[in-house]
Amino acid sequence: MPGLFITIEGPEGAGKTTVLQRIVEELEKKGYPIVQTREPGGIAIAEQIRSVILNKDNTKMDARTEALLYAAARRQHLVEKVIPALQKDFIVLCDRFVDSSLAYQGYARGLGMEEVASINAFAIDGMMPALTLLFDVQPEVGLARIHRHDGREVNRLDLEDLSFHQKVREGYLKLAEANRERIVVIDAEQEQELVYRAALSEIEKVLG
């Protein structure tokens, strides 16, 4: 399949969304055909699933239910948006993908990374990004940023305690260690300009 699939990952408050927006603008200015999207969401069905997953009232949600809902949203998003864009030779930049499920549900919720990987193997059917940028930030720093940022939606995951967020970061770093050929870790505690430049530089490398 032509096109290029790139994902951006990171714990809460890593600043992914802001930096991603700047990267998209810069690449579009250079004439690259870009599709910017996010998970869970990006299309109507997946956005509806997102609202169920992140609804603060759904505190009774079982961890496996959560993992299955993410995988379902992911499948629909891939089929309806990502794959068609790649077939038309677009560069798809996606805020979160399968690594999020492995870090959050697999590692932090304790379902097991392999178990969550197997659910997602069915959902993604071999479709993996060429490059994943992991915006790494300590949970204390990330959560402090969220609390300062009035405009951001507060979702069910933000209500988890610090130890949960520490496990998310740990899970991400384990994934990065095991997938060095795909995942590049970006220090997201530096000032935003430096994070942006580091991320753009990694993307430009794969664009050649």
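# Close-up views of a predicted model

**View 1. Pro-40 is found in the loop between β2 and α2 (44-54).** Helices (H or I, at least four residues) and strands (E, at least two) are DSSP runs, numbered from the N terminus. The structure is a predicted model, in which local features need pLDDT of at least 70 and side-chain atom pairs count only at pLDDT 80 or more, while totals for chains, interfaces and linings use all residues. Residues are numbered from 1 along each chain as its sequence is written, and side-chain values use heavy atoms, with hydrogens and water left out. The peptide bond that leads from Glu-39 into Pro-40 is cis, with omega near -15°. Most residues other than glycine have a negative phi, and most peptide bonds are trans.

**View 2. An open sheet is formed by 5 strands in the order β2-β3-β1-β4-β5, with parallel pairing.** Two strands are taken to pair if DSSP finds at least two bridges between them. Strand β1 (residues 4-9) pairs with strand β4 (residues 131-136) in the parallel sense over 4 bridges, and Leu-133 in β4 is the bridge partner of Ile-8.

**View 3. Helices α1 and α7 are shown against the sheet.** Helix α1 (residues 16-29) packs on the sheet and touches β1, β2, β3 (91-95) and β4, where contact means heavy atoms within 4.5 Å. The direction of α1 makes about 170° with that of β3; axes are lines fitted to C-alpha atoms, for helices over the stretch in contact, and angles run from 0 to 180 degrees between N-to-C directions. Helix α7 (residues 162-178) lies across β1, β4 and β5, and runs at about 145° to β4.

**View 4. Phe-5 and Phe-97 form an aromatic pair.** A search of the whole structure finds 3 aromatic pairs, counted where ring centres of Phe, Tyr and Trp (its six-membered ring) lie within 6.5 Å, with planes under 30 degrees apart called stacked, over 60 edge-to-face and the rest tilted. The ring centres of Phe-5 and Phe-97 are 5.0 Å apart and their planes stand at 80°, so the pair is edge-to-face. Phe-5 lies in strand β1 and Phe-97 in the loop between β3 and α4, so the pair ties together parts that are 92 residues apart in sequence.

**View 5. Helix α4 (residues 98-108) meets helix α5 (residues 113-124), their axes coming within 8 Å and crossing at roughly 140°.** The two helices are therefore oblique to each other (angles under 35 degrees count as roughly parallel, over 145 as roughly antiparallel, 65 to 115 as roughly perpendicular and the rest as oblique). Residues of α4 in the contact include Val-98, Leu-102 and Tyr-107, and those of α5 include Met-113 and Val-116. The residues of this contact divide into 6 nonpolar, 4 polar and no charged (Ala, Val, Leu, Ile, Met, Phe, Trp, Tyr, Cys and Pro count as nonpolar, Asp, Glu, Lys and Arg as charged, and the others, Gly among them, as polar).

**View 6. Helix α4 also packs against α7, at an angle of about 125° and with the axes 8 Å apart.** That angle makes α4 oblique to α7. Among the residues in contact are Asp-99, Tyr-104 and Ala-108 of α4, together with Phe-164, Lys-167 and Leu-175 of α7. By class, the contact of α4 with α7 holds 9 nonpolar, 2 polar and 4 charged residues.

**View 7. The axes of helix α3 (residues 63-87) and α5 come within 9 Å and cross at roughly 20°.** Helices α3 and α5 are therefore roughly parallel to each other. In α3, the residues Ala-67, Leu-68, Ala-71, Arg-74, Arg-75 and Leu-78 meet Ile-119, Asn-120, Ala-123 and Ile-124 of α5. This contact of α3 with α5 has 7 nonpolar, 1 polar and 2 charged residues.
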